[in-house]
Amino acid sequence: MNRDVIIACDFPNAGETLAFLDKFNGESRKPFLKIGMELYYGAGNEIVKEIKRRGHKIFLDLKLHDIPNTVRKAMKVLSALDVDMVNVHAAGTIEMMRAAVEGLTREDGTRPLLIAVTQLTSTSEEAMRRQLLIDATIGDTIIKYAENAAEAGLDGVVCSPLEAGIVKEACGRDFLTVTPGIRFADAAADDQVRITTPARAREIGSDFIVVGRPITAAADPVAAYRRCVEDFTGEL
Ligand code: C5P
């Protein structure tokens, strides 16, 4: 699996998304894109199909979490959309994650990559203890959830780039780490707290970095994307 930069297309509608993508029309390298809940619930399968038609790979970031049977059937529908990466909450249990793999797998044996969310970065240890009655450190739950995902046959996890190394230690070098929280060294952190640069993310062991505002809000998004790819992959 080649490491790659995934642009988070956090736009509210299809019009703004496609206007942004038009800037990349002259590029030979079509960026890998992340479509999240806001855009998917607003613009639906049509935007997914249009972006695939333009030749981009898609990470459909819908974070499924339901009973195994429902997740299996929902994943079958997403798999037919021909997206390249999807995700679930590891909190749904190993049984749910196994059902997700089954649902995603097409008749010819192929399937999109399947990644688990471990603990959301918005969840604090305090909230885990008081609200969820989980008496463990966040770090321990991240490793345990990643191990559960590996046991269920998933391809990797979403995690902080700073955790990519320990996840690889626990789950093996081939277990993918998909990491948001990326900023250029000379840029604002925005609302992200635990951040690192594309080059440092590569050193720690990220396979995919998810980059939003440093590219989408840049004065020259194409130049920012190229800089990210060069720093992270060493290519271009
Ligand atoms: O604009 P920025 O680079 O901060 O965007 C990062 C993207 O990654 C957003 O789509 C955000 O929702 C997502 N994300 C994150 N932290 C997580 C999981 C997802 O920033 N733990």
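**The ligand site and its pocket**

In this predicted model, β8 (208-211) and α9 (213-216) each contribute at least two residues to the shell around the ligand; helices (H or I, at least four residues) and strands (E, at least two) are DSSP runs numbered from the N terminus. The model is predicted, with local features needing pLDDT of at least 70 and side-chain atom pairs pLDDT 80 or more, while totals for chains, interfaces and linings use all residues. Residues are numbered from 1 along each chain as its sequence is written, and side-chain values use heavy atoms, leaving out hydrogens and water.

The shell (residues with a heavy atom within 4 Å) includes Ala8, Asp10, Thr121, Val210 and Val211. Its make-up is 5 nonpolar, 3 polar and 4 charged residues, where Ala, Val, Leu, Ile, Met, Phe, Trp, Tyr, Cys and Pro count as nonpolar, Asp, Glu, Lys and Arg as charged, and the others, Gly among them, as polar.

Now to the oxygen atoms of the ligand. One lies 3.0 Å from a side-chain N or O atom of Lys34, and a polar side-chain atom of Arg183 is 2.9 Å from a ligand oxygen. Gly212 takes part through a backbone N or O atom, 2.8 Å from an oxygen of the ligand. Of the 470 Å² that the ligand exposes when taken alone, the protein buries 79% (Shrake-Rupley method, 1.4 Å probe).

Among the 43 residues lining the largest pocket, Thr121, Val158, Pro180, Gly181 and Gln192 lie nearest its centre; a pocket is an open set of points on a 1 Å grid over the protein atoms alone, where a 1.4 Å probe fits, with protein on both sides within 12 Å along at least five of seven lines, and lining residues have an atom within 4 Å of a point.

How values were computed. A polar contact is a pair of N or O atoms within 3.5 Å; within protein, one must be able to donate a hydrogen and the other to accept it, and residues adjacent in sequence count only if both atoms are side-chain atoms.
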